[in-house]
Amino acid sequence: IRPSRRWPFILLELEVYGLASAKVIKCFTIDENDNRDLLKILRGAQLPIASSCFGEGNCKRCVICSEILSCQVKIKDLLQISKIYDTAPLRITVDYL
């Protein structure tokens, strides 16, 4: 039996902005119901996000938006945070990119 996907699903546009380079590094879309942590999503999009603790939240190298550990946040959590900032597309900043 195949697992069913909720339909309709909503695609979100993500924009990754590098603070070091002062430019948009990558734009891509993601399913709002994706249950992976943001670190896995960003790495899946071929972005070099630093991490040495394998997603345990200890190294604090995968920080995005100045204070969020990407290994500890899912898209649903990021959407709640982004409602405060009201940005579209959803912009993720990375200091060292």
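Modeller: A nonpolar core is a set of buried Ala, Val, Leu, Ile, Met, Phe, Trp, Tyr and Cys residues joined through side-chain atoms within 4.5 Å. The model is a predicted one. Its largest nonpolar core has 25 residues, and those with the most contacts inside it are Phe 28, Leu 38, Leu 42, Ile 49, Ile 75 and Ile 92.

Biologist: What does Ile 49 touch, leaving aside residues up to four places away in sequence?

Modeller: With that exclusion, the contacts of Ile 49 are Leu 39, Leu 42, Arg 43, Cys 62, Ser 70, Val 94, Tyr 96 and Leu 97.

Biologist: Why does Ser 70 count as buried?

Modeller: Buried means under 20% relative accessible area. Ser 70 has 0% relative accessibility and therefore counts as buried. Ser 70 is found in the loop between strand 4 and helix 2. Beyond four places in sequence, Ser 70 touches Asp 37, Leu 38, Leu 39, Ile 49, Cys 62 and Ile 64.

Biologist: What makes Thr 93 buried?

Modeller: The relative accessible area of Thr 93 is 16%, and the limit is under 20%; Thr 93 is therefore buried. Thr 93 lies in strand 5 (residues 90-94). Not counting residues up to four places away in sequence, Thr 93 touches Tyr 17, Leu 19, Ile 64, Cys 65 and Ser 66.

Biologist: How do you know that Arg 91 lies over the face of Tyr 17?

Modeller: The distance criterion requires CZ of Arg to be within 6 Å of the ring centre, and the position must also be within 35 degrees of the ring normal. Arg 91 is at 4.2 Å from the ring centre of Tyr 17 and is assigned to its face. As for aromatic pairs, a search of the whole structure finds zero.

Biologist: Why are strand 2 and strand 5 said to stand at the edges of the sheet?

Modeller: Three strands form an open sheet in the order 2-1-5, with mixed pairing. Strand 2 and strand 5 each have a single partner strand, so one side of each is left without a neighbour in the sheet. Neighbouring strands of this sheet are turned by 25° against each other on average, direction ignored.

Biologist: What makes strand 1 and strand 2 a pair?

Modeller: Pairing calls for at least two bridges, and strand 1 and strand 2 pair in the antiparallel sense over eight bridges. Leu 12, for instance, has Ile 30 in strand 2 as its bridge partner.

Note on methods
Residues numbered from 1 in each chain as written. Predicted model: local features only at pLDDT ≥ 70, side-chain atom pairs only at ≥ 80, totals over all residues. Heavy atoms only, no water. Helix = DSSP H or I, 4+ residues; strand = E, 2+ residues; numbered from the N terminus. Buried < 20%, exposed > 50% of the residue type's maximum accessible area, 1.4 Å probe, protein only. Contact = heavy atoms within 4.5 Å. Phe/Tyr/Trp six-rings, centres within 6.5 Å; stacked < 30°, edge-to-face > 60°. Axes fitted to C-alpha atoms, helices over the stretch in contact; angles between N-to-C directions.
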